Amino acid sequence: MDPAHGVAAFPKSLKASLVVAAVLLFALLMVNQPLQTASAPQGIVSYQLAGTADQAHAIFRSWGSEGVAWAKVSLWLDFLFIPAYMLALIHLTRHFTRDRPGIRERVGARWVRALFATAGLSDGAENILLLNNFNPPTDEMSLSATLCALIKFTALTLGIAGLVIIRASRRHPLAHH
């Protein structure tokens, strides 16, 4: 991106989706603050990665009833964040490939978009599993949610790496309108 144009070079739809995703991410980070305890040092992420019912129970005990309520708020809020971040990342992928007519770039962009869609679907499944794992937690639900979380984090990491590669391999600068 040409520093002289900065964020102004982004299409309005991309800017809007990035702002919405950033606002929801900020809200999730705020809700996560009271969830950070000795048993859950990463807050809700610790619960996402609790692969057993015993780990989930330990996290619930450290949170208390108020923390469990905040965890449910976080999971419901995440249902809004999922389409927001998916849309923002797909818009960003489209923006980075606007001037890339090559078949390799188009195929790469399709894979990146598929990874972001996989992350979103896995995130939604994970939230459903976690919401159903509160009373009482089971090993099956905990492990299933952990696997969904790992798929989500892997897909997001690979998708973002793909975006970096697409951006770094650009041969021609974006035309500014």
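Here are some notes on an aromatic cluster and a loop proline in this structure.

1. Before anything else: this is a predicted model, where local features need pLDDT of at least 70, side-chain atom pairs count only at pLDDT 80 or more, and totals for chains, interfaces and linings use all residues. Residues are numbered from 1 along each chain as its sequence is written, and side-chain values use heavy atoms, with hydrogens and water left out.

2. Start with Tyr47, which pairs edge-to-face with Trp63 at 5.9 Å centre to centre and 75° between the planes. (Rings of Phe, Tyr and Trp, the last by its six-membered ring, pair if their centres lie within 6.5 Å; planes under 30 degrees apart are stacked, over 60 edge-to-face, the rest tilted.) Tyr47 sits in helix α2 and Trp63 in helix α3 (residues 53-96), so this pair ties together parts 16 residues apart in sequence. Helices are DSSP runs of H or I, at least four residues, numbered from the N terminus.

3. Tyr47 also makes a tilted pair with Phe134, 5.3 Å centre to centre and 40° between the planes. Phe134 is in the loop between α4 (103-131) and α5 (139-168), so here the linked parts are 87 residues apart in sequence.

4. Ring pairs join Tyr47, Phe60, Trp63 and Phe134 into a cluster. Tyr47 is buried at 1% relative accessible area, and Phe134 is buried at 10%. (Buried is under 20%, exposed over 50%, partly exposed in between, with a 1.4 Å probe and protein chains only.)

5. Now look at Pro41, in the loop between α1 (12-32) and α2 (44-48). Pro41 is partly exposed, at 48% relative accessibility.

Key. Helices (H or I, at least four residues) and strands (E, at least two) are DSSP runs, numbered from the N terminus.
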